[in-house]
Amino acid sequence: MTTLLLTLPVLLPPLAAGLALLRLSRTAVRALSTAVLVGVLVDAAALLTVADSRGPLATHVGGWPAPLGITLVADRLSALLLAVSVLVALAVLLFAIGQGTAEERRRSATVFHPAYLVLVGGVSLAFLTGDLFNLFVAFEVMLAASYVLITLDADENRTRAGMTYTIVSLTSSLLFITLIALVYAATGTVTLAQLGPRLAELPDGLRGALSLLLLAVLGIKAAIVPLHFWLPDSYPTAPAPITAVFAALLTKVAVYALLRTQTLLFPRTGVWTVLACAAIAAMVMGILGAIAQDDINRLLSFTLVSHIGFMLFGLALFDTRGLTGTILYVVHHIVVQAALFLAAALAVRRTGTSLLHRMAQRTPPAVLVAVLFAVPALSLSGIPPFSGFVAKVTLLQAGTAHGGPMAYALAASALLTSLLTLYAMTRVWTSAFAARPRRPTLPEPPTPDTVGSTKRRRGASRGGRLMVAAAAGMTATGVAVAACAGPLARVGERAAQDLLDPRPYRSVVLEDEP
């Protein structure tokens, strides 16, 4: 049973992707993709239940024990993030089907579903892998799939943005494989469970250099300031569902990898000053960049960069409270960021533009769409009683309890960023949802997100209702996260304790090691 639970999320999506490449009907491909993600979601929920009750689970693929074979491992953290990520991927898939992104053109119909399923398989592998090399493989799988998705039916601008995204990602991958080679040369293994004790035997200078190189590699993928420059230029050019799933999942996978590797391989006591400075820079510079934007998708992309800093906040403290806050914030942000991009897509669909100053001159979207944006926007700003408030309070409590100049600086930056986030979200609200048309304007030139939507404005279509339902599902999930804050916080605290005490993780992976 353990083997089945651990292997299904990794194997089922790529196998289904192969089937989706066959000459199946549009309805069959849609049903296949949806059924696979539902199945993986059920599996992830079961995995979380078992991991929370029994502790870490591991299976050795092919019967080869670590470090000889491939090991898949699930603990509370990986199972929790896998479940939330697959839920978001399912909602975005339904939104894409409703919008018609998946089938808008013949070429898209051929590759969208396979590429999307491969992306989900890569995300699953990243959460469940037990060694450094297969973590690299997972990122490469996600890169290949995401490049296909970001350049679907691409024009010149989107192709340029896709190339920027790919070149930056490949640079990070080259650094990653170099890091793996250095780690293997120094320790003789890439199995995460073995690396901690072996790296501890290395000179402090070498350990510090490897830790910083790993931070740089994953910092590029997580868009940590100042390595974030590629994200605001790449994500907004893609169709709205693709932007939503990228913003919700890809950077969070890199944050998960940081959590896993830095706590397991390079444990610390006290505040990690380098990461704390990066967190402060990300929070402040990201939100200042957001305030300066006139395009709603670029604004949301910069808020994504800013709020990565909140996730680094807790990791920089390296204690149970801080890591609990980070875990809660990652869960909150995965859901809320997807909900914001989906609601923004509905607003763009209604107004025909993504520019805020032009939205302010047109009839605002329906009240339901406004609510679907307002709820996650308030949550992102940290307004009670939403999930963002719970996560931010946990981080602030961790910072004040830890004490010291860096911890207080992190807490102050978090408060300032929350206020500026509220200002940015209010600006979007007044432009896109509260304004009334003041004068006639010329139609906006069609964009990738408005070409299909303009044809549907004569009436509410089934696809439009599916889009609204998917966005509403994400908003409702965010509310559910807040409603279940108590149990979720307890799971997050246990997951944080697992990170700081990796002995159960190591023992379940190395059970065959003498």
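**Salt bridges**

I began with Arg 298, which counts as partly exposed because its relative accessibility is 25%; buried means under 20% relative accessible area, exposed over 50%, and partly exposed in between (1.4 Å probe, protein chains only). This is a predicted model: local features need pLDDT of at least 70, side-chain atom pairs count only at pLDDT 80 or more, and totals for chains, interfaces and linings use all residues. Residues are numbered from 1 along each chain as its sequence is written, and side-chain values use heavy atoms, leaving out hydrogens and water.

I found that Arg 298 forms a salt bridge with Asp 233, with the closest N and O atoms 2.9 Å apart. A salt bridge here is a side-chain nitrogen of Lys or Arg within 4 Å of a carboxyl oxygen of Asp or Glu. Asp 233 is partly exposed, at 43%.

Next I looked up Arg 76, which pairs with Asp 52 at 2.7 Å between the closest N and O atoms. Arg 76 also forms a salt bridge with Asp 498, at 2.8 Å. Arg 76 and Asp 498 are both buried, whereas Asp 52 is partly exposed, at 23%. I counted 6 salt bridges in the structure.

**Nonpolar core**

Which residues touch the most other members of the largest nonpolar core? I noted Tyr 116 and Phe 176, out of 180 residues. Such a core is a set of buried Ala, Val, Leu, Ile, Met, Phe, Trp, Tyr and Cys residues joined through side-chain atoms within 4.5 Å.
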